[in-house]
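Trainee: Could we go through the open spaces of this model together, one question at a time?

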Amino acid sequence: QFIRDVYDPVDQNAKGEWIRRIRRALLSIGRKNGKTALAAGLVLVHLIGPEAKRNGEVYSAATDRNQAGHIFKTCRQMIEADEELSAMCGVFNSVKRIVCYHLGSA
């Protein structure tokens, strides 16, 4: 429901483009309830999914390097688990970077 509440409300600007009404949201989830998987899924939605923008950049941040690595690892696992995603993306483990070739996004 949280995802729908954030992504559903849209308005149309003067150019006729659809823009998000909500720009920032905060979700609090207890330990061991899938925060990392949710964050990784949202990263991929904005990198290669319906929210992706040509030549866009998606950043995932955490309070420490280890936590940020968990999100990257989960994104990598999601990509590697799907042939279509694997063909669309390059995963560079040494720099913790994922590139979407057809959009030029990273």
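Trainee: How much space lies in the second largest pocket?

Mentor: This is a predicted model, in which local features need pLDDT of at least 70, side-chain atom pairs count only at pLDDT 80 or more, and totals for chains, interfaces and linings use all residues. Residues are numbered from 1 along each chain as its sequence is written, and side-chain values use heavy atoms, with hydrogens and water left out. On a 1 Å grid over the protein atoms alone, a pocket is an open set of points where a 1.4 Å probe fits, with protein on both sides within 12 Å along at least five of seven lines. Counting the space filled by probe spheres set on points joined across faces, edges and corners, the volume of the second largest pocket is about 480 Å³.

Trainee: Which residues are the closest to the centre of the second largest pocket?

Mentor: Lining residues are those with an atom within 4 Å of a point. The second largest pocket has 19 of them, and the closest to its centre are V58, S60, F72, K96 and R97.

Trainee: Which element gives the most to the lining of the second largest pocket?

Mentor: Helices (H or I, at least four residues) and strands (E, at least two) are DSSP runs, numbered from the N terminus. At least two lining residues come from each of α2, α3 and β4 (97-100). The most, 6 residues, come from α3.

Trainee: What is the volume of the largest pocket, and which element gives the most to its lining?

Mentor: The largest pocket has a volume of about 1,500 Å³. Its lining holds 38 residues, with Y7, L38, A39, L42 and V43 the closest to the centre. The element that gives the most, with 8 residues, is α2.
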